[in-house]
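Here is a briefing on one protein model. Look over the sequence and fold before reading the points below.

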Amino acid sequence: MSAPTGRIAAPRLVRLLGAWHAAGRPASSALVSALRLLVLDGRLPPGTALPAERELAAALGVSRTLVATAWEALRAEGLLRSRRGAGTWTALPGRPRPQDPPQDQPLDLARAAPAALPAVAHAVDAVRGDLAAELAGHGYHEYGLDLLRERLAARYTARGLPTTADEVLVTNGAHHALALVLRAFTGPGDRVLVDQPTYPNAIDAIAAAHAIPVPVPLLEDGWDLDGVAAALRQSGPRLAYLVVDFHNPTGLLLDAGGRADLTALAARARVPLVVDETLAELDLRAAPPRLAPVRGPGTVITIGSAGKSHWGGLRIGWVRADAEVVRRLAAARHAFDLGSPVVEQLVIAHLYADPEPAIAERRAELAERRDLLVGELRAHCPDWGFRVPDGGLGLWCELPGPFSSRLAAAARTVGVRLAPGARFSVHGGLERWLRVPFTLPEPALAEAVRRLSRVASVVGGSPGSDGEGLVPVA
């Protein structure tokens with residue numbers, strides 16, 4: 001029988017349960033239903049240790065007998081497991097966890113990608129009728145389903161960038177969208193301007209297109225637009241790729257004035273500008289001043305995805321550009337694929353019929369996890385420096401020494417996967433930096449920091465990769 005890998009406090013569990021006591025139902029069955037939903041939705045992941053029966057009963061204001069009855073029912077379903085001396089923790093039926101000690105349970109901080117929102121499962125159920133109509137056709141839509149393109153266009157319009165459906169191309173994620181743009185706009189040996197640090201998979205996509213990334217280092221407080229201007233003049237890139245909304249990995253946000261200056265620079269140099277908006281919806285401020293998507297006098301191509309806001313497993317992204325550019329990209333995609341999966345497009349279309357509730361839920365969830373991560377790092381890794389970002393998915397941490405790769409390699413011995421700073425650089429380096437996402441559930445996130453603090457206290461000396469630079473990153 002496996003051991004728990006994290007713990008949730010009684011007050012936190014009470015908040016997650018919400019209004020669990022439905023009128024007219026036995027209290028124990030209502031508690032069972034509420035806890036079952038939390039486990040199956042991934043909000044109480046397998047291995048989460050639960051409060052003691054007496055402690056939870058006091059927090060809920062119910063009898064211990066009621067909690068014990070609910071626990072017994074959930075154990076019978078395989079959703080809870082118990083062991084004398086170890087307590088009770090969550091599980092998934094039919095998927096026993098291995099007999100490993102806690103430090104051998106992998107906690108993935110290399111992929112900054114949260115689990116699916118509950119709304120995703122509801123959307124899957126809701127689109128069955130729409131799918132029946134699609135089954136009568138051939139299922140190939142090189143531009144994407146009209147319904148989804150219309151709803152994505154409406155979202156751009158609501159955010160301040162008037163858009164029509166013929167200005168949207170549905171892709172298999174934002175990474176696929178970038179690959180299409182690279183194929184359509186660059187050739188072997190062409191240069192592509194990028195910010196530094198930047199999204200690792202963008203570097204890989206540029207290399208796969210046989211193009212050459214030209215990095216422009218970010219300043220401590222944002223983009224070096226003078227540096228961008230110089231790189232545009234001196235290197236003559238065919239394309240520029242930037243992440244200006246809660247930049248991955250630094251979390252920086254380019255303001256309205258900076259966006260106008262950036263698009264003016266790109267237009268003057270006649271360089272198409274690719275803006276990765278994958279994190280644009282993840283503004284975690286209480287009352288965020290919404291920034292409109294980047295637009296300008298030159299060619300601006302926006303790529304986006306539902307991977308971070310809803311769920312990466314849907315693998316649906318998009319391009320927003322002038323209709324002529326969209327047609328050019330659709331022609332280029334025939335060498336890659338013949339269109340995106342219909343079922344996943346229907347699910348995203350359903351979610352974007354009224355996108356704000358689900359996105360607001362994601363923002364609230366991430367804000368709590370960000371704040372928890374900040375507190376845990378300050379408590380357990382007090383010599384790490386970082387700026388608390390207003391949005392995005394992670395903290396860009398400055399280490400007390402140049403040992404990011406060594407730390408990432410050592411972290412594997414305690415069951416934590418990390419992407420070292422060098423992974424976010426065109427030419428390596430950044431050994432004083434480490435991205436720590438706040439996408440794991442709170443108990444797992446707290447446990448990951450505690451494990452990291454143990455290995456960080458003994459890691460030092462010259463940096464070494466040990467192959468960790470090849471770790472998959474998201």
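His210 counts as exposed because its relative accessibility is 57%; exposed means over 50% relative accessible area, buried under 20% and partly exposed in between (1.4 Å probe, protein chains only). The model is predicted: local features need pLDDT of at least 70, side-chain atom pairs count only at pLDDT 80 or more, and totals for chains, interfaces and linings use all residues. Residues are numbered from 1 along each chain as its sequence is written, and side-chain values use heavy atoms, with hydrogens and water left out.

**Backbone features in loops**

- His210 sits in the loop between H9 and strand E8 (212-217). Helices (H or I, at least four residues) and strands (E, at least two) are DSSP runs, numbered from the N terminus.
- The phi of His210 is near 60 degrees, a positive value in a residue other than glycine.
- Arg315 also has a positive phi, of about 50 degrees, although it is not a glycine. It lies in the loop between E11 and E12.
- Arg315 is partly exposed, at a relative accessible area of 42%.
- The Gln196 to Pro197 peptide bond is cis, with omega near 5 degrees. Pro197 belongs to the loop between strand E7 (191-196) and helix H9 (200-208).
- The Asn248 to Pro249 peptide bond is cis, with omega near 25 degrees. Pro249 is in the loop between strand E9 (239-242) and H11.

**Helix pair H10 and H11**

- The axes of helix H10 (residues 225-235) and helix H11 (residues 256-269) come within 10 Å and cross at roughly 10 degrees. Axes are lines fitted to C-alpha atoms, for helices over the stretch in contact, and angles run from 0 to 180 degrees between N-to-C directions.
- H10 is therefore roughly parallel to H11. Angles under 35 degrees count as roughly parallel, over 145 as roughly antiparallel, 65 to 115 as roughly perpendicular and the rest as oblique.
- H10 contributes Leu225, Val228, Ala229 and Leu232 to the contact, and H11 contributes Gly258, Asp261, Leu262, Leu265, Ala266 and Ala269. Contact means heavy atoms within 4.5 Å.

**Two arginines in helices**

- Arg259 is in helix H11. It counts as buried, at 6% relative accessibility.
- The side chains of Arg259 and Asp245 make a polar contact of 2.5 Å. A polar contact is a pair of N or O atoms within 3.5 Å; within protein, one must be able to donate a hydrogen and the other to accept it, and residues adjacent in sequence count only if both atoms are side-chain atoms.
- The Arg259 side chain also reaches the backbone oxygen of Leu254, at 2.8 Å.
- Arg451 is part of helix H16 (residues 442-456). It is buried, with a relative accessible area of 0%.
- A polar side-chain atom of Arg451 lies 3.0 Å from the backbone oxygen of Val414.

**Nonpolar cores**

- The largest nonpolar core has 38 residues, and Leu109, Trp384, Leu407 and Leu418 have the most contacts inside it. Such a core is a set of buried Ala, Val, Leu, Ile, Met, Phe, Trp, Tyr and Cys residues joined through side-chain atoms within 4.5 Å.
- H16 gives the most to this core, with seven residues.
- Apart from it lies another core, of 30 residues, including Ala211, Val243, Val274 and Val319.

**Helix H12**

- Ala323, Val325, Val326, Leu329, Ala330 and Ala332 are the buried residues of helix H12 (residues 323-332).
- Their cover includes strand E6 (168-171), helix H8 (174-185), strand E11 (300-305) and strand E12 (317-320).
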